[in-house]
Structure formats: C-alpha cells, structure tokens
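Reader: I'm new to this one and would like to look around. Could you show it to me and take my questions one at a time?

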Amino acid sequence: MIGWRVVFGAWLVGNPYGIAGAGTFDLRAPHWLEVLFSTNRGLFPWTPIAAFALAGLAGPLRRARPAWARLLLAQTSAQLYIVGSWSVWSGAAAFGPRLLTGLFAGFALGLAALYEAGWRRWGMRPVLTLSLGAIAWNLILLARYGLEDVPRMGPVPLSTLWLGQLTFIGRALGELDRIRQALLRQFP
C-alpha cells in the first residue's frame with residue numbers, strides 16, 4: 001500500500017489507471033465481442049487455443065467435475081465482463097490479451113480435460129499436434145511482436161495477424177542479420 005500511496009497519491013485506489021487518465025469503467029456497456037474477437041488484443045485471434053480450452057471447460061470438464069467447470073466458467077464470465085467494461089479493454093500496448101491472463105490457469109484445466117477426452121478417443125497424435133501448433137503460434141507471434149512485425153498498439157488487420165504467421169518464418173530467414181542485431185541491442 002505504501003507503493004500505491006507513492007505512485008498514485010492515495011492509500012487505496014479503486015482504479016489506478018483512471019487516476020492516470022487511462023480510461024473509465026462503464027458496467028452498463030461491456031465490450032464482450034471485442035474482448036473475445038477483436039484483432040486489437042482479443043482473446044481468440046491472439047490466443048486461438050483459448051477456444052479449445054473453453055470447449056474443454058464447457059464439455060469434458062463439465063461432465064467430469066461439474067462444480068469446477070461452473071466455477072471456472074463463472075470466473076471467466078466475470079473477468080470478461082469487468083475487462084470489457086473498461087474503456088481500454090485491449091490493455092493498450094500489450095502482447096495479446098494480457099488483461100485476461102488470470103483466466104489461463106482455469107483454461108489449462110479445460111484444455112487438460114479436452115486433451116484427455118481427445119487422447120481416449122483419437123490417441124495422442126491430435127493432442128500433440130494441437131499442442132505443438134499452439135506453441136509454434138505463440139512463439140512466432142511473440143517474435144513478430146518483438147520485431148514490430150505487428151503493431152504494439154491498436155487493431156491489426158486479420159490478414160496481417162493470421163496470414164503473417166504463415167509467412168513470417170520465410171521473411172525472418174531473409175532478415176537474420178537484422179534479428180541478430182536486434183538481439184544484441186537487447187542483450188549486450
């Protein structure tokens with residue numbers, strides 16, 4: 001609380017970002033669709049595996065552990081509502097949906113339930129394929145973000161976001177020297 005007092009000038013601040021002039025909350029008009037689907041740091045365009053995780057919460061986990069699934073789905077709804085009620089719901093200069101990272105532990109349980117159901121039905125190959133694809137997606141997107149191949153703020157055209165994922169490796173191989181220099185600047 002001492003830090004809050006020093007930084008924000010008050011012992012207890014309900015919305016520290018509001019003090020800094022970074023937006024307001026309007027609980028009557030949450031940006032549900034934007035938080036989920038916008039290319040401006042929306043959950044599904046930036047973290048597509050979250051759709052599989054939610055499917056796991058709503059399907060296999062709900063059947064195996066209904067109380068857990070209800071709790072996690074309620075938490076997800078509440079966080080989406082609160083984040084969506086903020087005028088700066090995208091998190092501004094953020095990598096992906098950073099305001100939703102509190103959901104990822106619950107998403108892991110949903111994904112685990114989906115993986116178990118998929119593994120029992122189809123074997124390990126689809127589970128590994130989805131996992132490796134999600135890892136590759138995020139590593140490529142992180143590299144693109146770090147190299148400013150995608151803008152740090154604001155919406156990104158869907159074609160730039162998704163098709164750029166498929167073409168980035170080829171383009172990056174042609175720019176290895178620039179990447180090396182960027183890394184050396186970051187870590188002298």
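Author: Gladly! A word to start with: a cavity is a set of grid points where a 1.4 Å probe fits but cannot get out, and its volume is the space filled by probe spheres set on those points. Please keep in mind that this is a predicted model.

Reader: How much space lies in the largest cavity?

Author: The count comes to 1 cavity of 30 Å³ or more. The space in the largest cavity is about 40 Å³.

Reader: Which residues line the largest cavity?

Author: By type, the lining divides into 6 nonpolar, 1 polar and 2 charged residues. By name, they are V35, R41, V83, W89, S90, P97, R98, L99 and L100.

Reader: Are helices α5 and α8 roughly parallel or roughly perpendicular to each other?

Author: Helix α5 covers residues 49–58 and helix α8 covers residues 104–122; their axes come within 7 Å and cross at roughly 75 degrees. Angles of 65 to 115 degrees count as roughly perpendicular. The pair α5 and α8 is therefore roughly perpendicular.

Reader: How many nonpolar residues are in the contact of α5 with α8?

Author: On the α5 side the contact includes I49, F52 and L57, and on the α8 side it includes F107, L111 and Y115. Across the contact there are no charged residues and 3 polar ones, and the nonpolar residues number 11.

Reader: Is L73 buried or partly exposed?

Author: L73 sits in helix α7, residues 66–84, and touches L54, L57 and A58, leaving aside neighbours within four places in sequence. Buried means under 20% relative accessible area. L73 has 27% relative accessibility, so it counts as partly exposed.

Notes: Residues numbered from 1 in each chain as written. Predicted model: local features only at pLDDT ≥ 70, side-chain atom pairs only at ≥ 80, totals over all residues. Heavy atoms only, no water. Axes fitted to C-alpha atoms, helices over the stretch in contact; angles between N-to-C directions. Helix = DSSP H or I, 4+ residues; strand = E, 2+ residues; numbered from the N terminus. Parallel < 35°, antiparallel > 145°, perpendicular 65-115°, else oblique. Contact = heavy atoms within 4.5 Å. Nonpolar A, V, L, I, M, F, W, Y, C, P; charged D, E, K, R; others polar. Buried < 20%, exposed > 50% of the residue type's maximum accessible area, 1.4 Å probe, protein only. 1 Å grid on protein atoms, 1.4 Å probe; cavity = no way out; pocket = protein on both sides within 12 Å on 5 of 7 lines; lining within 4 Å.
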